[in-house]
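Hello,

I am passing along the structure we talked about, with my notes below it. Please have a look at it first and then read on.

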Amino acid sequence: MSLFHRPACLTHLHREELATGLVRVGCHYAPERLCDDSFAQADIPLPPTLSTAVAKRRSEYLAGRWCAREALAMLGIKGIPALGPDRAPQWPAGSLGSITHSQGIAEVMVADARHWLTVGLDTEQWLSAERAARLCRELLTHEEREQLEGLSDIQRANRITLIFSAKESLFKALYPITGKRFYFHDAERRDTRSLTLLKTLSPDWKIGATIPFRWRERQQGVLSWIALPR
């Protein structure tokens, strides 16, 4: 049985059960506190492709895998997701999940595959009004941009950040089960709590399909997620 210890670069671990067979785990990570033996302490293998990566990237990976192992344990599953050829996590049999990290915080959502079809999780720092204005046409459809009329600059920026995050969660949820890449203009937020596909991805996920999402607003940004039951 392996013995491992939480490295000093990982702090503020928190766990949450969202529904039966669906959990979320997060922690803070500090790249400046990452040591040569941090991966060994955590008993988490460092992929060869990351051996020369900067401390920020290695600490993100370490934090995500630490949270993933904690989340899997909450579901009674041992293991750590491997790094797949497409750099996406490969989850242990019987589980599925999604990892996100931003501004020193890593979060993971893991689900029991017997009860959940797919999950997607994303966190984004609030966009500034200037950056949101620059990214608006790239992230939002024409109809979504029209819905910004009458909002203040900060309200517009926050709305754009939320839609950005929700669409990232949508990609993380649907790409693994469709195998088809899609982009920001291939889905649209037509009502408050769902996204509508504007492109057919597979026989089960056709144009017009509506996918619900949830989110939490925080001081530093927004966390969004999609969890689709079987």
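F171 and Y175 are four residues apart in helix α5 (residues 153–178), so about one helical turn separates them. Helices here are DSSP runs of H or I with at least four residues, strands are runs of E with at least two, and both are numbered from the N terminus. Before going further: this is a predicted model, in which local features need pLDDT of at least 70 and side-chain atom pairs count only at pLDDT 80 or more, while totals for chains, interfaces and linings use all residues. Residues are numbered from 1 along each chain as its sequence is written, and side-chain values use heavy atoms, with hydrogens and water left out.

**Aromatic rings**

Rings of Phe, Tyr and Trp (its six-membered ring) are taken as a pair if their centres lie within 6.5 Å; planes under 30 degrees apart count as stacked, over 60 as edge-to-face and the rest as tilted. The count by this rule is six aromatic pairs. F171 and Y175 are stacked, because their ring centres are 5.2 Å apart and their planes meet at 10°. Another pair, F213 and W215, is tilted, with 5.5 Å from centre to centre and 35° between the planes. F171 and Y175 also belong to one aromatic cluster together with F182.

Y175 is partly exposed, at 21%, whereas F213 is buried, at 2%.

Two arginines are worth a look too. A charge sits over a ring if NZ of Lys or CZ of Arg is within 6 Å of the ring centre and within 35 degrees of the ring normal. R189 has its charged end over the ring of W215, 5.6 Å from the centre, and R69 lies over the face of W66, 5.1 Å from the ring centre.

**Helix α3**

Which residues of helix α3 (residues 129–139) are buried? They are A132, L135, C136 and L139.

**Some single residues**

S38 is in helix α1 (residues 38–42) and is buried, with 2% relative accessibility. Apart from neighbours within four places in sequence, S38 has contacts with P7, C9, R33 and L62.

A71 is in helix α2 and counts as buried at 0% relative accessibility. Leaving out neighbours within four places in sequence, A71 is in contact with V23, V25 and V110. From A71 to L148 there are 77 residues in sequence and 37 Å in space, C-alpha to C-alpha.

Most residues other than glycine have a negative phi. H12, not a glycine, has a positive phi of about 55°; this residue is in strand β1 (residues 10–19) and is exposed, with a relative accessible area of 54%. D43, also a residue other than glycine, has a positive phi near 55°. D43 is in the loop between α1 and α2 (55–74) and is partly exposed, at 32%.

**The chain as a whole**

The chain has five helices and 12 strands. Its C-alpha atoms fill a box of roughly 55 × 40 × 30 Å along the principal axes. The radius of gyration, taken over C-alpha atoms, is compared with a globule rule of 2.2 Å times the number of residues to the power 0.38. For 230 residues a compact globule would have a value near 17 Å, and the 18 Å of the chain agrees with that. Of the 230 residues, 48% count as buried. Among contacts with a separation of 6 or more, 54% come from residues 24 or more positions apart. The chain exposes about 11800 Å², and carbon and sulfur atoms supply 50% of that area, by the Shrake-Rupley method with a 1.4 Å probe; for residues, only the protein chains shown count as cover.

Best wishes

Technical notes
Buried means under 20% relative accessible area, exposed over 50%, partly exposed in between (1.4 Å probe, protein chains only). Contact means heavy atoms within 4.5 Å.
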